Amino acid sequence: MAKLIARWQPPPTSAVPCEGSKKGKSWSLADFDPAAKPFSGGDKLADKAAVDMLAIELDALQNLFYADKRYKLLVILQGTDTSGKDGTLRGVFSRISPLGVHTVGWKTPSEDERAHDYLWRIHQLVPRAGEMMIFNRSHYEDVLVPPVNGWITPAQTAQRYQH
């Protein structure tokens, strides 16, 4: 599994060269095939069985988290529309006991949420000890969308990047 994951991870930030620098390996999104299925063995039934095994392991882990109350897990599913986030929720997390597992799908911030720092709503929903929380999308959209659409100032954008 580690080998599969490693092929799909960019090098650590410190290894990405700055303009004019030759340090580290550079990479480009063009190096990745968007149609690739790196975690598929090519056999749909075998892949579904692997998802079932993962779901069983996650259920056992959730039971331990809930009973032990020392650990927590935050899963962030980030992707474009139709990228499979909802299918992942249904396929993997539907087998987990609802005790101690929560899911949130981020929508446009409410008026109350906009009255606070942009991370305020995120901080409200991080998992507590013994819980698993699944974010369907993430705060990254609050860093990307408002500046692109001109909803916040350059100073606010810089502040969000610092956060």
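I will go through the sheet, the helices packed on it, and the nonpolar cores. Keep in mind that this is a predicted model.

The sheet first. It is open and has three strands, in the order β1-β3-β2, with parallel pairing. The edge positions belong to β1, residues 73-77, and β2, residues 101-105; each has a single partner strand, so one side of each lacks a neighbour in the sheet. On average, neighbouring strands are turned by 15° against each other, direction ignored.

Now the pairing of β2 with β3. Strand β3 covers residues 132-136, and five parallel bridges join it to β2. To find one of them, look at V101, whose bridge partner in β3 is M132.

Next, the helices. Helix α3, residues 85-93, packs on the sheet and touches β1, β2 and β3. The direction of α3 makes about 155° with that of β3. Helix α2, residues 44-68, also lies across β1, β2 and β3, and runs at about 125° to β3.

Which residues make up the largest nonpolar core? There are 11: L58, F65, V75, L77, L89, V92, F93, I96, V101, M132 and I134. Two or more residues each come from α2, β1, α3 and β3. Helix α3 gives the largest share, three residues.

Take V75 from that list. Leaving aside residues up to four places away in sequence, V75 touches F93, M133, I134 and F135. F93 and I134 are also members of the largest core.

Finally, there is a second, separate core of eight residues, among them V104, W106, L119 and V143.

Methods. Residues numbered from 1 in each chain as written. Predicted model: local features only at pLDDT ≥ 70, side-chain atom pairs only at ≥ 80, totals over all residues. Heavy atoms only, no water. Pairing = 2+ DSSP bridges. Helix = DSSP H or I, 4+ residues; strand = E, 2+ residues; numbered from the N terminus. Axes fitted to C-alpha atoms, helices over the stretch in contact; angles between N-to-C directions. Contact = heavy atoms within 4.5 Å. Core = buried A, V, L, I, M, F, W, Y, C linked by side-chain atoms within 4.5 Å. Buried < 20%, exposed > 50% of the residue type's maximum accessible area, 1.4 Å probe, protein only.
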